[in-house]
Amino acid sequence: MSGWQKTPFMIEVKAGQSKAFCMCGLSKTGPFCDGSHKLTDKMPEVVKFEQDRKIFACGCQQSGKRPYCDGSHNNL
Ligand code: FES
């Protein structure tokens, strides 16, 4: 991953795996946290996955369901 994009990121996760998703919008490795939030009052959303899944993580930072895509990128 190399930062934010206008479309969702399709990510494969494994059961038992945890991912820290950026919620501040400053990460250079979006959609994942890179620690840049330390300059803000935001915190990453850490999600532990119970099963192997493919997820669509928000790439445009406009989703109302971040860190997941809600289709908002289609209206940009
Ligand atoms: S870098 Fe954005 S929440 Fe950590």
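## A walk from a loop to the core

Start by selecting Ser36, which sits in the loop between strand S2 (18-21) and strand S3 (45-48). Strands here are DSSP runs of E with at least two residues, numbered from the N terminus. Before you click on, note that this is a predicted model, where local features need pLDDT of at least 70, side-chain atom pairs count only at pLDDT 80 or more, and totals for chains, interfaces and linings use all residues. Residues are numbered from 1 along each chain as its sequence is written, and side-chain values use heavy atoms, with hydrogens and water left out.

Stay on Ser36: is it buried or exposed? Ser36 counts as buried because its relative accessibility is 18%; the cut-offs are under 20% for buried, over 50% for exposed and partly exposed in between, using a 1.4 Å probe and protein chains only. Show its contacts (heavy atoms within 4.5 Å) and, leaving out residues up to four places away in sequence, you get Leu26 and Ser27.

Next, select Phe9, Ile11, Val13, Phe21, Phe32, Val47, Phe49, Ile55 and Ala57, the nine residues of the largest nonpolar core. Such a core is a set of buried Ala, Val, Leu, Ile, Met, Phe, Trp, Tyr and Cys residues joined through side-chain atoms within 4.5 Å. Strand S1 (9-13) and strand S4 (53-57) each bring at least two residues to this core, and S1 gives the most, with three.

Zoom in on Phe21. Beyond its neighbours within four places in sequence, Phe21 is in contact with residues including Ile11, Phe32, Val47, Phe49, Ile55 and Ala57, as well as Pro31 and Pro67.

Phe21, Pro31 and Pro67 turn up again at the next stop: together with Trp4, Cys22, Cys58 and Arg66 they line the largest cavity. A cavity is a set of points on a 1 Å grid over the protein atoms alone where a 1.4 Å probe fits but cannot get out, and lining residues have an atom within 4 Å of a point. The volume of the largest cavity, about 30 Å³, is the space filled by probe spheres set on the points.

Cys58 counts as buried because its relative accessibility is 4%. Cys69 is in no disulfide either, with the sulfur of Cys58 the nearest at 6.4 Å. At 25% relative accessibility, Cys69 counts as partly exposed.

Note on methods
1 Å grid on protein atoms, 1.4 Å probe; cavity = no way out; pocket = protein on both sides within 12 Å on 5 of 7 lines; lining within 4 Å. Helix = DSSP H or I, 4+ residues; strand = E, 2+ residues; numbered from the N terminus. Disulfide = S-S within 2.5 Å.
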